Amino acid sequence: MNSKTKILTGKTFGMLKVICMAKPAIDKKGWKRTMWTCECDCGEKKDILAASLLSGSSKSCGCKSGLPSIAITIGKKYGNWTPIEQKR
């Protein structure tokens with residue numbers, strides 16, 4: 001860990017809680033990238049780039065990607081379809 005590395009242990013980013021520092025990743029140019037082991041609200045553990053956490057581009061382990069990004073009201077008509085139940 002160098003002097004510019006921010007300590008993220010214990011912080012929460014969206015659905016991700018940082019547990020500990022992980023083994024660094026090596027990018028295409030050979031640079032070491034700081035990784036953190038995070039636990040998602042769904043229980044999944046995943047190593048995520050520090051830059052992705054800090055920029056806000058990573059907010060879950062991927063489980064959230066199937067959820068709608070807008071609020072959908074059950075029974076309200078949206079174009080040609082009407083949601084009848086909500087799955088989780």
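Q: Hi! Let's start at F13: which residue in β2 stands opposite F13?
A: That's L16, which faces F13 from β2. Strands here are DSSP runs of E with at least two residues, helices are runs of H or I with at least four, and both are numbered from the N terminus. Before we go on: this is a predicted model, where local features need pLDDT of at least 70 and side-chain atom pairs count only at pLDDT 80 or more, while totals for chains, interfaces and linings use all residues. Residues are numbered from 1 along each chain as its sequence is written, and side-chain values use heavy atoms, with hydrogens and water left out.

Q: Thanks. And what stands opposite T12 in β2?
A: K17 in β2 is opposite T12. β1 and β2 (residues 16–26) pair in the antiparallel sense over two bridges, and strands count as paired if DSSP finds at least two bridges between them.

Q: Which residue takes a positive phi in the hairpin of β1 and β2?
A: G14 does, with phi near 65 degrees, in a hairpin that has two residues between its strands. The hairpin of β2 and β3 has five residues between the strands, and there G30 takes a positive phi near 90 degrees.

Q: How many bridges join β2 to β3?
A: Eight, with the two strands running antiparallel. One of the facing pairs is I26 with K32 in β3.

Q: Zooming out, what's the order of the strands in the sheet?
A: It's an open sheet of four strands, ordered β1-β2-β3-β4 with antiparallel pairing. β1 (12–13) and β4 (45–49) are at the edges with a single partner strand each, so one side of each has no neighbour in the sheet.

Q: What pattern does the protein follow along the sequence?
A: It reads β-β-β-β-α, which comes to one helix and four strands.

Q: What does V18 touch?
A: Not counting residues up to four places away in sequence, its contacts include L8, F13, W36, C38 and L53. A contact means heavy atoms within 4.5 Å.

Q: How about T37, buried or exposed?
A: T37 is buried, with a relative accessible area of 15%. T37 lies in strand β3, and the T37 side chain makes a polar contact with the side chain of D47 at 2.7 Å. Polar contacts are pairs of N or O atoms within 3.5 Å; within protein, one must be able to donate a hydrogen and the other to accept it, and residues adjacent in sequence count only if both atoms are side-chain atoms.

Q: And where is T34?
A: T34 is in β3 (residues 32–40), and T34 counts as partly exposed at 28% relative accessibility. T34 and T5 are 29 residues apart in sequence, with 7.8 Å between their C-alpha atoms. Leaving aside neighbours within four places in sequence, T34 is in contact with T5, M21, I48, L49 and A50.

Q: What's the place of S58?
A: S58 is in the segment after α1. With a relative accessible area of 17%, S58 is buried, and its contacts beyond four places in sequence are F13, L16, I48, S52 and L53.

Technical notes. Buried means under 20% relative accessible area, exposed over 50%, partly exposed in between (1.4 Å probe, protein chains only).
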